[in-house]
Amino acid sequence: DRVEAYENLHKIAEKSLPALKKTSKQEVIAAQQQALVNKIRELRSNARRGDIFTPSATKTIARAIKKVFAGADAHRVENTIQAGDPLEGFKVQVNQMYPDSLPFTTVPPTLLQKLPRLPDEVAYRILGSALLLVDRKANMVVDFMPNAIP
């Protein structure tokens with residue numbers, strides 16, 4: 001329900017902005033993305049870690065992650081996750097844009113199958129040991145679970 005509420009908020013924010021005309025100019029695309037981030041931040045000015053990854057959701061997701069890391073594909077999942085190392089000194093926060101220079105690890109399919117499905121506006125990402133929920137268009141952290149990945 002909380003992810004769906006965020007999805008609706010994202011759509012409201014996006015509809016409030018002028019439509020982006022077809023362009024390949026990076027500065028125009030970046031300005032539109034920043035406008036979307038600003039609008040989302042305005043609409044969720046009181047957003048905090050745990051708003052979506054509630055204690056109950058965190059327990060359920062943590063159990064699913066532990067099962068994957070205890071299963072037959074654990075070694076392959078670990079190797080995939082270790083492919084992306086976070087920047088030194090970067091501290092993830094809710095409503096923060098995910099830096100373009102910061103690599104991220106896509107959640108391995110074996111793990112993704114065990115996690116709750118998400119709408120198109122958001123995606124799971126792994127950064128170090130944290131599981132992030134990221135707005136795809138805004139490239140912004142919606143919520144995160146620290147120490148989710150063993």
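User: In the hairpin of strand 2 and strand 3, which residue takes a positive phi?

Analyst: Glycine 128 does, with a phi near 65°, in a hairpin that has two residues between the strands. Strands here are DSSP runs (E, at least two residues), numbered from the N terminus. The model is predicted: local features need pLDDT of at least 70, side-chain atom pairs count only at pLDDT 80 or more, and totals for chains, interfaces and linings use all residues. Residues are numbered from 1 along each chain as its sequence is written, and side-chain values use heavy atoms, with hydrogens and water left out.

User: In what sense do strand 2 and strand 3 pair, and over how many bridges?

Analyst: Two strands pair if DSSP finds at least two bridges between them. Strand 3 (residues 130–135) pairs with strand 2 in the antiparallel sense over six bridges; leucine 127 stands opposite alanine 130. Strand 1 (residues 105–106) also pairs with strand 2 in the antiparallel sense, over two bridges: threonine 106 has arginine 125 as its bridge partner, and threonine 105 has isoleucine 126.

User: What is the order of the strands in the sheet?

Analyst: The open sheet of four strands has the order 1-2-3-4, with antiparallel pairing. Strand 1 and strand 4 (140–145) stand at the edges with a single partner strand each, so one side of each lacks a neighbour in the sheet.

User: Which residues of strand 2 lie on each side, and are they buried or exposed?

Analyst: In a regular strand the side chains alternate between the two faces of the sheet. In strand 2, Val122, Tyr124 and Ile126 lie on one side and Ala123, Arg125 and Leu127 on the other, and all are buried (under 20% relative accessible area, 1.4 Å probe, protein chains only). Because six of the six residues of strand 2 (residues 122–127) are buried, this strand is largely enclosed by the rest of the structure.

Key:
Buried < 20%, exposed > 50% of the residue type's maximum accessible area, 1.4 Å probe, protein only.
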